[in-house]
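Hi,

Here's the structure I promised to pass along. Have a look at it first, then read my notes below.

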Amino acid sequence: MIRQLDHVAIAVPSLDEAVPFYRDVLGLPFMYFEEVADQKVKVACFDLGGMRLELLQPTSDDSPISKFMASRGGGLHHLAFRTEDVQSELDRVRQQGVRLIDETPRTGAGGMKIAFLHPKSTQGVLLELTQPGQHVE
Ligand code: CO
């Protein structure tokens, strides 16, 4: 079941430029940097009290984020909903005709199991499902 927002992700060209704005100008509590090799991104995480803000910087031209940056120049990239079991949620929504990007979960930031739903099935928003895992820094 989906009950809460896990994180909001914003694509940025440079964490060096974006982090000082969110940390120092807005004053959001910075948590940590992390590189997610699977998605070819560097992530900066902020604590928003029960959920996170993630800034995503592509580390390679073939990162999925790079394609987004090229077409839109960065900005709001996806919303993530927390679940207790990503696979069973994927199965449940697939049965209702939802198009999936990931048929099975993969490992995302914070060691979470994650999977993306296709924007064609979600009114144009890239949605991620997450399942908390062990965080490895
Ligand atoms: Co995410």
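One thing to start with: does Gln123 count as buried or exposed? Bear in mind while you look that this is a predicted model.

Gln123 has a relative accessibility of 76%, so it counts as exposed, given that anything over 50% goes in that class. You'll find Gln123 in the loop between strand S7 (113–117) and S8.

Lys40 sits in the loop that runs between strand S2 (30–36) and strand S3 (41–47). With 30% relative accessibility, Lys40 is classed as partly exposed, because that value falls between the 20% limit for buried and the 50% limit for exposed.

Now for the metal site. The model has a cobalt ion, and its coordinating atoms come from His7 (NE2), His78 (NE2) and Glu128 (OE), at 1.9 to 2.1 Å. Along the chain, these donors follow the spacing H-x70-H-x49-E. His7 belongs to strand S1 (residues 4–11) and Glu128 to strand S8 (residues 127–131), so this pair ties together parts that lie 121 residues apart in sequence. Both His7 and Glu128 are buried.

Cheers

Note on methods. Residues numbered from 1 in each chain as written. Predicted model: local features only at pLDDT ≥ 70, side-chain atom pairs only at ≥ 80, totals over all residues. Heavy atoms only, no water. Donors = N, O, S within 2.8 Å, 3.2 Å for Na, K, Ca; no water. Helix = DSSP H or I, 4+ residues; strand = E, 2+ residues; numbered from the N terminus. Buried < 20%, exposed > 50% of the residue type's maximum accessible area, 1.4 Å probe, protein only.
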